[in-house]
Amino acid sequence: MQAQELKRVLESGLLSFPLTDFDANLQFNPGPYVERLEWLMPYGASALFAAGGTGEFFSLEPGEYSAVVKTAIETCRGRMPIIAGAGGGTTLAIKYAQEAERLGAQGVLLLPHYLTEASQEGLVAHVEAVCRSVKFGVIVYNRGACRLTPKSLLQLADRCPNLIGFKDGVGDIEAMVSIRQQLGDRFAYLGGLPTAEVFAGAYKAMGCPVYSSAVFNFIPKTAIEFYNAHAADDTETTNRLIRDFFLPYLELRNRGQGYAVSIVKAGATIIGHSAGPVRPPLSDLKPAEVEELRALMAKLGPQ
């Protein structure tokens, strides 16, 4: 898939990050992962991000990363584009991106380099180096230690033809409006705040109508219902779902650091598609919290 083809895919509908399945010993469990992908594909997301943030990319060593991405590509080939996560320091991020390209992924989402702060000059050099190391499309995730200014993105847009996507996980409205106005249609713009449905209306007003959904992992029917209503400006439906499900869900999610991933794994277990426990340093929901989530999900009906 050429970079511009990937850009069109990103702009066409709901995106999601499948969970990575671990067994009781916290080892990658490919069989259930294949079953997960087979279950999710028919619901109609435009693309899936293998080994992404919700897929606990940060916990995977390179061999596991290859296994996860390869399994996703082989399972979804010809039916669903697979975009792989990539991240860490520049040298390591390049290796991940090149491995994803070698395996046949349609592109990569460049996750933050995580720990050290960096200047805009350094961030531009980092993103540019990863883009130049591959031929397929790259999406940069604006979050954490990687917060790019409009000026930096203009430089990258000029230097890196295969940088085709900008995913925002910061929520700085002034910066987002400035980026969207200055860059125009150069990028596909994706909403990337945790539980993106709550922010979807505001992002659409800023010219960013597409987002990635974590809850698609355990309530895919509701996730698609929300996205279709969002795309059709059906605010009666989106407001109802935000009020009845997403706001109580946020209250539960916000009780623990790292629960943005843990609560999704808990939801998958409740719905009958367990992905196993999260890996440290994340921690699973407490039993009482799982029961609260179960009761909240029951109000949505069958998925």
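One cavity of 30 Å³ or more is present in the structure, which is a predicted model. The largest cavity holds about 40 Å³ of space. Its lining consists of G191, G192, L193, A196, F199, A200, Y203 and Y211. Six of the residues in this lining are nonpolar and two are polar. None is charged.

Open pockets were examined next. The largest pocket has a volume of about 750 Å³. Its lining comprises 30 residues. Those nearest the centre of the largest pocket are Y141, R143, P194, A260 and V261. Two or more lining residues come from each of β8 (210-213), α10 (235-253) and α11 (259-271). Helix α11 makes the greatest contribution, with four residues. By class, the lining of the largest pocket divides into 16 nonpolar, 11 polar and three charged residues.

The second largest pocket contains about 170 Å³ of space. It is lined by 14 residues. A200, G201, H230, T235 and T238 lie closest to its centre. A200 is also one of the residues lining the largest cavity. Three elements, α8 (200-205), α9 (220-231) and α10, each give two or more residues to the lining of the second largest pocket. Helix α10 supplies the largest share, four residues. The lining of the second largest pocket has five nonpolar, five polar and four charged residues.

The surface was then considered. F58, Y114 and L115 make a nonpolar surface patch of about 340 Å². The relative accessible area of L115 is 72%. L115 therefore counts as exposed, because this value is over the 50% cut-off.

P161 has a relative accessibility of 60%. This residue is therefore exposed as well, by the cut-off of over 50%. P161 and R186 are separated by 25 residues in sequence. In space, their C-alpha atoms lie 9.6 Å apart.

Conventions
Residues numbered from 1 in each chain as written. Predicted model: local features only at pLDDT ≥ 70, side-chain atom pairs only at ≥ 80, totals over all residues. Heavy atoms only, no water. Patch = residues over 30% accessible without salt bridge, like charges linked within 9 Å, V, L, I, M, F, W, Y side chains within 5 Å. Areas by Shrake-Rupley, 256 points an atom, 1.4 Å probe, with all protein chains shown as cover. Salt bridge = Lys/Arg side-chain N within 4 Å of Asp/Glu carboxyl O. Buried < 20%, exposed > 50% of the residue type's maximum accessible area, 1.4 Å probe, protein only. 1 Å grid on protein atoms, 1.4 Å probe; cavity = no way out; pocket = protein on both sides within 12 Å on 5 of 7 lines; lining within 4 Å. Points joined across faces, edges and corners; volume = space filled by probe spheres on them. Nonpolar A, V, L, I, M, F, W, Y, C, P; charged D, E, K, R; others polar.
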